[in-house]
Amino acid sequence: MTYFNDLEPTCRERVEEQGYLVPEKLNLDSVIPSSEDTNFVPEWEHVIALINRASTQSRYNTIILYDDLRLIKIRPTANKLIKQLNDHFPLDYHNDMRCTIAKALNINRYVPYICRDFWLVPVTKRDATNRSWFRWQYKSDIWDFGEIHSRVIVDKHLTLQWPLSRRAVESHHKRCKQIASYLKQQAALICPTFDMADLGQYHTPEAVEELMKKIEKYKRGLILGEAGFQKFIDEVDDDLNHNRYWQLPDTEF
């Protein structure tokens, strides 16, 4: 059976012969599919790794590896992709994860992104201000540790080798579990104990997503109100969501 059909033949043969993929040694030229979309959106539910290639001075800055062994090289950097996570998930990496939850838990380095069962871990040092990220599926991934490299078996069919010692992997896992535990406990504190059947109303996932967007909008409105804005209109909210801070009206503090 042939795997990694998106790799250049010589690279694919080498990976199949050794039995594992080393993401950090994967060159852009070795990946055939590409996208020129500067606003490329990954299929987040199937992402296994974001492989940083921002230092290559190429038009492509990231390689995405999916759980079905598909690969694609894209133009957005890993940092840009991470900033867009809140377009798909209810938590924002910078504001919710780094500046709030991680800070409260005294996690200062290699802050992961934890939302539902999507656990995205930064696994390399910064290179051109970006990192590579690995999605740790904590219930099923199997790790084999070495002194300076560790291998992980994903979904029983994909083996990756990362430049991580056992100690580094365990530190990453500890940070993930700290944040996941906090989120779980916070949800339990505010979640009613009734069964859904007793409540008599069920919100579809789509309805919940729209409600969360409205709630986040109102929260931003409260913050802006305290900062001196008299009106929080849709145009202001849109400017904030797209980081167009220079278009916001002047205000006195």
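## A three-stranded sheet

Let's start with an open sheet of 3 strands, ordered β7-β8-β9 with antiparallel pairing (two strands pair if DSSP finds at least two bridges between them). Its edge strands, β7 (142–145) and β9 (158–162), each pair on one side only. From one strand to the next, the twist averages 20°. Strands (E, at least two residues) and helices (H or I, at least four) are DSSP runs, numbered from the N terminus.

This is a predicted model, where local features need pLDDT of at least 70 and side-chain atom pairs count only at pLDDT 80 or more, while totals for chains, interfaces and linings use all residues. Residues are numbered from 1 along each chain as its sequence is written, and side-chain values use heavy atoms, leaving out hydrogens and water.

## Inside and across the sheet

Strand β8 (residues 150–154) is joined to β9 by 5 bridges. Val-152 stands opposite Leu-160 in β9.

Helix α4 (residues 166–190) lies across β7 and β8, and runs at about 145° to β7. Axes here are lines fitted to C-alpha atoms, for helices over the stretch in contact, and angles run from 0 to 180 degrees between N-to-C directions.

## A look at Thr-77

You will find Thr-77 in the loop between β3 (71–74) and α2 (78–83). Thr-77 touches Asn-61, Thr-62 and Asn-130, leaving aside residues up to four places away in sequence (contact means heavy atoms within 4.5 Å). The C-alpha atoms of Thr-77 and Ala-128 are separated by 9.7 Å, although these residues are 51 residues apart along the chain.
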